[in-house]
Amino acid sequence: MVSQRLISGKMVAALAICVSALSSFSHSAFALEDTVSPELFDKMEYRFIGPYRGGRSVAVTGVEGNTNLYFMGTAGGGVWKTENAGLSWKAISDKTFKVGSIGSIAVAPSDPNVIYVGTGEGPIRGVTTSHGKGVYKSTDGGETWKLMGLDKRGQIPKIRIHPTNPDIAWAAVQGNIWGPNEERGIFKTTDGGETWQHVLKVNADTGAADLAIDPTNPRILYASMWHHGRTPWFIKSGGEGGGLYKSTDGGENWDKLEKGLPKLIGKVGVDIAASNPKRLYAIIEADEGGLYRSDDAGKSWELMNGDNILKARAWYYNHIKVDPVDENTLYVMNVQLHKSIDGGKTFEIKSLPHGDTHDMWINPENSLNMINANDGGATVTFDGGESWSSIYNQPTAQFYRVITDNLNPYYVYGGQQDNSTMATPSETWGDGMGIEDQFAVGGGESAHIAFNPDDPTLIYATTINGTLTEYNRDTGLTRPIMPYPEYVFGRNARDQKYRTNWNAPVLVSKHDPSTVYYGTQMILKTTDRGVNWQEISPDLTRNEPEKQGLNGGPITNEQAGAEYYNTVFYIAESAVNKGELWVGSDDGKLHITRDEGKNWKDVTPHNKEAQVNAIELSPHAQGRAYVAVAGYKLNDYTPYIYKTDNYGKRWKRIDEGLPEDAFVRVVREDTEREGMLFAGTESGMFISFDDGKHWQELDLNLPPVAITDMQVKGDDLVVATQGRGFWILDDISPLREVHKSLDDEALFQFEPVDGVRLLSGGGMTDQPQAKNPPRGATFRYYLKGALEEDQTLRIDIFNADNELVRTLSSASSAFEKCAKGNEDVRSPIKFKHPSTKAGYNTFVWDLRREPLNCIENVKLFGGWKGARVMPGDYKAKITLGELAQTRAFKVLPDPREEADKAQLQVVEKSIQATETLLNDLFAHLQKARDVRAQLSDVVARQRHAGKQCVCIYRAHC
C-alpha cells in the first residue's frame, strides 16, 4: 500500500461495512482445491522502478540507408529498437518471445522489413545466461513476430541472410550450455524459416560460434565450430571438430580449413573484408592463438598478432569485425574494443561508455557510423568511436538478488551484472526515479547485500573472488573486510583457505545487527565489523577435491568466469529463534543449526547434485521452510520446490504444474496470507494460493524475463529480474483476498490503497525516469461481467463524519460538458471514469472534492476541480444497481508535512469557506445571467410585436 511505502508502520483502516463475501474468507490458503480465476487479478500491474542503466548486450545491427534505425539484442531483456540513433530505446519482443536472452539479430539487406532473431546468447555465463528457445522472424520491421523453429534448447549466436533473397538464411547454432545435444552446427532455410536443414554437423559437443557470408558471392560462407561444454566448476573450450569451415555452395557442403592454423582450437570469431573478400580475419583461442589473417580466401593463414589481450577469456569474447570499405581496418572485441589499421599487426584501444564488447555493426556506406554491443548495453557512434550515445537509457540491468530496508520510502538493493551494486528508492517525492536517485553500496556485480533494515548505515556486500566490503552510508567510505585476503588467480580452489562462490552470501542477524555471517565452504561470523572472524561450522558442502581445481581448459584457465564449486550459496536466519540458521550449498547440501553453529544437522531434501538457490523460512510457523533447488548447471531444467514443516525431518515436492523447463530460482511465502506462495523461475513469475498444490502464472505485465529473487515487503512484492531491472507489484491485497468462490460475485471491492496528500516536489531532468506509484487513493474492484449500456457504476466517497465529499461515476456528467466548454485549448481537460469492464478494475481518485459549480463561458486560472481533501479517515462505497459495498481507507499526510492536525483543520475550514463562497458567487452570477436573459427575451418579444419599449434599463431603450 502507498501508506506502508510512505508512512512508517502498519496502518490498516477498519472496514466500515463488512462485505458478506469477506465473512467467509480465511487468510489460510490450505482450504482451496483448485486454481483461482485469473480474471480476479490479471489486470494488476508491476511497476518498473529502474535502473535506466544498460545491461549486457551481445547482438546489434543497423539498417542500410537509415542512420537513425538500430536494433539491440540483450542478454536477458529481449529485443530493442531505436529510431533516433540511440537517444531512446523501445522493447519490441515482449508480446511474443518466450525468453529474454538474445544471441543474434539480422536484417535482410534486400528488405529491411524482414528481421531474424536467434535466442540464447553466445557468451555462456553460468549465472546469467538463459537457454535459447529458437528463431523468431518479423516481416514488418519488428512490429510482430513469429517463432520459426530451431526451438530445441540451445544458443544461437549468429544469423546471416542472403543479400538478395530474404527467404534464404543461415543460423549458427551453438547448442546447449550444460550438456551435449545433437542440434548444433549450421542450419539453413530456403523458405523463410518454415523449415531448416542441418547443413553442418560435427558432433554433439561442437556447435557453431560464428558465421560470415561473402557479400559479393552468397554461395561462400565461413563458419567457426566450437567444441565446448560447461559444468558448475569447469569450462571446457577446445576439442575434436573445433575450427574453421568453408562452404562454396551456399552451405550444402563444408570443408575444414587447416593450413597455418593451430591443431587444437577453442572458440573462434571470423569475418570477411567486404572490400576484398579474399581477405579474412579470425581471432582464435589456442595455445598459439591470437589474430590470424588469410589473403587467399582461407586456403592458408598467418598469425598476425598473438597478444593475449586480444584473446583473453575466449569463451566470453572472441568477436571480430572488419571495416566494410577498408580491408586493413578491423576491430577485435574483448574486455576493450581494439582497433587495427594495418591489417592486424598492431592495435589501439578505443574508448566506450562500457567495457566487455561482443558485437558491432559498421555502416557500409559510412564506416565512421557504428553500433557496439557491450556489457553496458548498445551505443552508437558517428565519428568512428570518438563519441558514443548513452547507455543510461536502457532498462536492461541483470540483478542477482534483492533486499529492502525499512526507510521511508524504502530502498531496494542489488548487484547488477557487469556493473556495481545499486540502491534505488522504491519511490520518490518528485516525478520519478532516475540515476541521480541511485547509488552504489560497495561489493560488486554479483553481490549479496546485508544490513540492519531499520538503520542501513553499515552495508555489507560481496562480489567475485571472495571480496567482502563494509560501506558506510553516512560517510560514503567503503572498507574491505575479506576474512582471509589471498591472491586467487591461477590457483586451484582446493588450495585456498576459503572457497567462495561467484554469488557469495552475507547476512546481518535479525537479532543482533552487530553479528554478520558470511558463506565460504563454511559459515564465518564477525561481531566487530569484520576485524575478526570466527569459523562456526565445518565444511557444509560435498567437498569434492576433484571439482576444486583450475576452472577451465584444455586451452584457457578460466579464473573469473567459472564459479568455485562446493561453496555455501544461501544463508537464512529464523526471525523468531536466535541462533537458528539454514545454509544451502551450490552442490545441493542443506544444513541447519539451532544453536548458532555448535551443532549442525544435514537435512538435504534433493537426492542429487544441484544448487540450493534460495531458502524461505515461513513467517507463519516455526520449522516450516520452502527451498528452491536449481539443477540447470547439471543440465536439469526441472523446477524443484521443497517444503518441510518439521525442520527438515521430512520434505515434500510442491512444484507440480510449473512448466517443465521453468527451473526455480526463488520461492517466497506471503507475510499475511499463509500458504500463498510466489515462485520466481527462469520462465517468469508464478503464484500458488494453496501452498503449492496448484500454480498459475503471475507475469501480468512483466516482460518475458527470468526472475532471480524477490521479497514480500509489507504490502508490496519486490522483484529482481535477469535483464529488466527491478519491479514492484504495488499492494498485493487483492491477491490476499481472492478465493475461488469470489468468482461468483457480481461485484466485489478489494481493500483500497490509501492515498497520500503529497506536497509539491521534484525537479526537471533530461534523464529517463521510472514512475512513482499513483498518489491518490486507489480503488480495486471485480465485476462478474461487463455492464449493460443503461447501467452505471458509482463510487461515493465519505469522510469520517459520513459527509459525501465526492461522487465518481462511469457516466459523464453535465459538469464535464460545461468544464470542457471552458477549457483552455493549450491544456485540454481529461476526465476519467471508473471502468465497467468485466474482471479486475482499478480507479485512482485524485483526492479532490466535488468540483466547483461550473457555469459556461468562464475560465478559471486554477480550473473547476475541487480542492484536495485533508488527511483523515474515509470510506468508499461502490454501487452497481442494487449492489453496494463499502470499505474504509485513509488519506495520509505527506511525511514531510510540518503542520499538525489542528493546523490542518484550520486550513480545511478555510477551504470549505472559500469553496462555499465561490459556489455562491457562481450561483449568483448564473442567476444574474438568467435574469438578464429573461429580460432580453421580454424586450425582444415586445419589439417584435411593435409595441412601445418600456425602458427598464437604459441599455434596452
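The questions and answers below concern a few residues of a predicted model.

In this predicted model local features need pLDDT of at least 70 and side-chain atom pairs count only at pLDDT 80 or more, while totals for chains, interfaces and linings use all residues. Residues are numbered from 1 along each chain as its sequence is written, and side-chain values use heavy atoms, with hydrogens and water left out.

Colleague: Is Val-79 buried or exposed?

Modeller: Val-79 sits in strand 4, residues 79-82, a strand being a DSSP run of E with at least two residues, numbered from the N terminus. Among the residues that Val-79 touches, leaving aside those up to four places away in sequence, are Ile-92, Phe-97 and Val-117, where contact means heavy atoms within 4.5 Å. Because its relative accessibility is 1%, and buried means under 20% relative accessible area, exposed over 50% and partly exposed in between (1.4 Å probe, protein chains only), Val-79 counts as buried.

Colleague: How far apart in space are Val-79 and Arg-624?

Modeller: In sequence, Val-79 and Arg-624 are separated by 545 residues. From C-alpha to C-alpha, their distance in space is 41 Å.

Colleague: What is the phi of Glu-596?

Modeller: Most residues other than glycine have a negative phi. Glu-596, which lies in the loop between strand 45 (590-593) and strand 46 (601-602), is not a glycine, yet its phi is positive, at about 55°.

Note on methods
Helices (H or I, at least four residues) and strands (E, at least two) are DSSP runs, numbered from the N terminus.
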